[in-house]
Amino acid sequence: MGNIQVHYIDVGQGDCILIESEGENMLIDCGESSKSDEVLAYLQSQNISHLDYLVGTHPHSDHMGGMSTVVDNLEIDNFYMPYLPDDDIPTTKYFEKLLLSLENKNMEIKNPEAGDKIQLGSAELTVISPNQKEYSNTNNYSIGFILTHGDNSFIFTGDAEASAEEEMINNGLLRDIDVYKAGHHGSSTSSSEAFLDVIKPEYAVIMCGEGNSYGHPNDDAVERIKKYVTEENILRTDFKGSIVAKSDGKTIDFTSER
């Protein structure tokens, strides 16, 4: 079994996650449009010009603002985004630019469903959300994954809030997880006690901007996470910059660069 790397790329107040597995690559979200050049530079530093999968977890600009730039500048095989009812399709400039970029490359938008499996090199991803076709809160459309590599596991839930976390519990796809990308930047509305009690993470990565105006991560959410994760195993991009987890299928090592 080869090694995989999960890069939690520091894009300030936003999400951007790169998974590398034996020459195959997935990018989950890309931060605001103002971070596009930094994201492209980071990918270039990893010698990545091709993505097997590009995923927009949900249509908020701190996750998908720079997506058109990624589509324009990289070779992409598959583009994933949640199904959105007509009333929930954004009319924002960044989203309209993304649709135009996808159209220019004749790229189909694929809507994954809970239970779908994706093979990425020696790793496998299982889609765990969304579990409905319509939500009143856009955060709950977030595409979520469990990444399995040998004995090691990672979970990504975008900005899914407690009600969507409950749906993940009920769909029976959750299990013990090694590394939890804290939901919604460590917001009070995510990382519910019920959810954490099922996944029982050993590490948590919180992706948020230094001195952000939202107060992320929320103190109560961090305290809930600390019931399972020691303080030294809570890794924050606002403190550490980009964080890289390397898995050989048995152990996980973390490095960070400010």
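A: In this predicted model, helix H1 is followed by Asn47, a residue whose phi is positive, near 60°. The helix itself comprises residues 36–45. Its buried residues are Ser36, Val39, Leu40, Tyr42 and Leu43. These residues cover an arc of only 160° around the axis, and therefore they lie on the same side of H1. Asp37 and Gln44, by contrast, are exposed on the other side of H1. The word "buried" here stands for a relative accessible area under 20%, and "exposed" for one over 50%.

What covers the buried residues of H1? The cover includes strands E1 (4–8), E2 (17–21) and E3 (24–28), and also helix H3 (67–73). Strand E14 (242–247) and strand E15 (252–257) are likewise included in this cover.

Seven strands form an open sheet of mixed pairing, in the order E7-E8-E9-E10-E11-E12-E13. Strand E7 (117–120) and strand E13 (234–236) each have a single partner strand, so one side of each is left without a neighbour in the sheet. From one strand to the next, the twist averages 20°. Within this sheet, strand E8 (residues 123–129) pairs with strand E9 (residues 144–149) in the antiparallel sense, over five bridges. Thr126 stands opposite Ile146 in E9. A helix also accompanies the sheet: H7 (residues 219–226) lies across E11 (179–181), E12 (203–206) and E13, and runs at about 145° to E13.

Terms used. Residues numbered from 1 in each chain as written. Predicted model: local features only at pLDDT ≥ 70, side-chain atom pairs only at ≥ 80, totals over all residues. Heavy atoms only, no water. Pairing = 2+ DSSP bridges. Helix = DSSP H or I, 4+ residues; strand = E, 2+ residues; numbered from the N terminus. Axes fitted to C-alpha atoms, helices over the stretch in contact; angles between N-to-C directions. Contact = heavy atoms within 4.5 Å. Buried < 20%, exposed > 50% of the residue type's maximum accessible area, 1.4 Å probe, protein only. Arc of directions from axis to C-beta.
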